[in-house]
Amino acid sequence: MSVGDEHDSRRTEDPYNDPYSTVGGTRQTRTRLPEGEGADVYGGARRPVRASRSLITVVGVVALLVAAIAFANRGDGGSGGSSGDPKQSGAQPTSATGTKPVEGKTGGIASGFPQTEQGAQSAAANYVVALGSDGMYNTARRHAIVNTVYAPDVAAARQGDLDKAYSGAEFLTRIGLKPDGSAPAGQTFISRFNPVGAKVEKFANDTASVSVWYSALFGLAGEGSKNPVSEGWYTNTFQLKWVGGDWKVTDFTQKDGPAPVGRDQAAATAKDMADAVEQYGGFTYAR
């Protein structure tokens, strides 16, 4: 997983229409899946996949996630996503630097990033993961994430709206979760954002604008799930401020893509998907 009324024009009319949007602007998401008889996804035994190259566009049933939060994340102003020229803004090369990730953690989230362009990119990548995690659906974990990721004055201003957005009974029901934010018996709730790369849009000594490109997995894995796990691709542009010896979020916006062309691969069964998320841990991201 967009501050200010001036950002409303970047949102869809229905704030509950995007399964992957995080606490920023939103767009509708469509996921391309292989046509024909595929895996159960997630209704029964696995069946052969036809070799057809044609794909159909499916609107994600889960279409909700942080679009609700986009609504909650409105504020009194703030800067939107910056589209500065990388050449003028001193963007880092696209290759990895090899510099070791930070060693510190706050509330399970990487912290203590250096006051450099690379440090700002690393912070933004890790904050994408935190804001897009299933922890945002648990009150205690959500508070810890928000207080770690956001600048103190912004976190205090957002907390109430974020609580309302993430714990609303109608919202949780529509994405298939129980009123307490947990998954139904026999199903596994999956919300995981996976950064692919980052770049600096603008940088000053104590402020930075950083874009992070990532893929997102969202849905319920389990027999009979009405919201099977689907994939989307997004770019978040974070406005960061150097506060208390670390980079903190003051605002961010989101746009669709760039999204790659889907391949004719068989969708995983419900068990395989749930097992993969439980068995494969996440990373601490660094430039």
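In which kind of crossing does H3 pass H4, left-handed or right-handed?

A: The crossing in which H3 passes H4 is left-handed (the near helix is turned anticlockwise from the far one by less than a right angle; clockwise is right-handed). This is a predicted model, in which local features need pLDDT of at least 70 and side-chain atom pairs pLDDT 80 or more, while totals for chains, interfaces and linings use all residues. Residues are numbered from 1 along each chain as its sequence is written, and side-chain values use heavy atoms, leaving out hydrogens and water.

H3 covers residues 117-131 and H4 residues 139-149 (DSSP runs numbered from the N terminus: helices, H or I, of at least four residues, strands, E, of at least two). Their axes lie 10 Å apart and the packing angle is about 160 degrees (lines fitted to C-alpha atoms, for helices over the stretch in contact; angles run from 0 to 180 degrees between N-to-C directions). H3 is therefore roughly antiparallel to H4 (over 145 degrees; under 35 is roughly parallel, 65 to 115 roughly perpendicular, the rest oblique). On the H3 side, Tyr127, Ala130 and Leu131 make the contact, and on the H4 side Ile145, Thr148 and Val149 (heavy atoms within 4.5 Å). Five of these residues are nonpolar, one is polar and none is charged (nonpolar: Ala, Val, Leu, Ile, Met, Phe, Trp, Tyr, Cys, Pro; charged: Asp, Glu, Lys, Arg; polar: the others, Gly among them).

H4 also packs against helix H5 (residues 152-167), at an angle of about 145 degrees and with the axes 10 Å apart. Here H4 passes H5 in a right-handed crossing. Arg142, His143, Val146 and Asn147 of H4 meet residues of H5, including Ala155, Leu162 and Tyr166. The contact of H4 with H5 has four nonpolar, four polar and two charged residues.

On the other topic, the sheet, four strands form an open, antiparallel arrangement in the order E5-E6-E7-E8 (strands pair if DSSP finds at least two bridges between them). E5 and strand E8 (246-256) are the edge strands, each pairing on one side only. On average, neighbouring strands are turned by 30 degrees against each other, direction ignored. H3 packs on this sheet, where H3 touches E5, E6, strand E7 (230-243) and E8, and the direction of H3 makes about 160 degrees with that of E5.

Within the sheet, 14 bridges join E5 (residues 188-203) to E6 (residues 207-221). These two strands form a hairpin with three residues between them. Phe193 has Ala216 in E6 as its bridge partner, and Phe203 has Ala208 in E6.
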